[in-house]
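The sequence and structure come first.

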Amino acid sequence: MPTETTKPRERFDALDEQTQARWLVPAEAEFCEYGFEKASLNRIITRAGESKGRTYHYFADKGALFCATLERRVRHYDFIDQSRKAASASDAREYWLELTAICARLTKTLQGDGRLASLLRTLHREAAAQQSFAEPLAAIRGSIDDLLIAGQSIGAVRDDFPITLLTEVALNLIATLDRWFALNGSTLSEEAEAALSQRAFLLLMAPLLPPRSTEAMSI
């Protein structure tokens, strides 16, 4: 049971989903409309029909509210759980097929969920939003570490570089691709975006494949 020494976010996580939605539904609408910097915490509180004191009891600041809002939207799709299928693959072919499927599902998700796409655009565009989401991003980094280590164990991922370097390369490429599609995906038809997303996934694969696989791809 929450106590006075419990952190604000821990208090919020202890609430039921219906109570959490009092803040997160209007917060999502606000962040999607105004981005992070221009979003007004006061407007969110008013829309939620809550007091400032009660809001600060659950959120340290606007950044904490943005983090909770994006986490709620992402949680619906269980991408971390999906990545575990790739981590349990028995061979390199199955491993990369699972990751390709995850990429395709993500593209379809962003096409069908305008609010998630909007929140991700805010995350890519605004440094303050990125700072507020630092803890979940660290968890994603850990998941990628585990995924690449699993890939190395079956010969799907190169093992001639430190895993931390490979993770950094993967994260930078994922961020670049994600940012481009978040900012430009709306200009493409669904078919064109899906096809481009599949080709873009090869950019992510290339630096992670074992050297012999890279050489084979270039012939």
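## Phe 31

Phe 31 is found in helix α2; helices are DSSP runs (H or I, at least four residues), numbered from the N terminus. Phe 31 is buried, with a relative accessible area of 0%. Buried means under 20% relative accessible area (1.4 Å probe, protein chains only).

This is a predicted model: local features need pLDDT of at least 70, side-chain atom pairs count only at pLDDT 80 or more, and totals for chains, interfaces and linings use all residues. Residues are numbered from 1 along each chain as its sequence is written, and side-chain values use heavy atoms, without hydrogens and water.

Beyond four places in sequence, the contacts of Phe 31 include Phe 36, Ile 44, Leu 65, Phe 66 and Leu 119. Contact means heavy atoms within 4.5 Å.

## Nonpolar cores

The largest nonpolar core has 27 residues. Such a core is a set of buried Ala, Val, Leu, Ile, Met, Phe, Trp, Tyr and Cys residues joined through side-chain atoms within 4.5 Å. Phe 31 and Leu 65 are among the members that touch the most others. Helices α2 (17–34) and α5 (62–75) are among those that each supply at least two residues of this core.

A second, separate core of 20 residues includes Tyr 95 and Leu 166.

## Helices α11 and α12

The axes of α11 (residues 163–184) and α12 (residues 190–205) come within 10 Å and cross at roughly 165°. The two helices are therefore roughly antiparallel, a term for angles over 145 degrees. Axes are lines fitted to C-alpha atoms over the stretch in contact, with angles from 0 to 180 degrees between N-to-C directions.

Contact residues include Leu 173 and Trp 180 of α11 and Leu 196 and Ala 200 of α12.

Technical notes. Angles under 35 degrees count as roughly parallel, over 145 as roughly antiparallel, 65 to 115 as roughly perpendicular and the rest as oblique. Buried means under 20% relative accessible area, exposed over 50%, partly exposed in between (1.4 Å probe, protein chains only).
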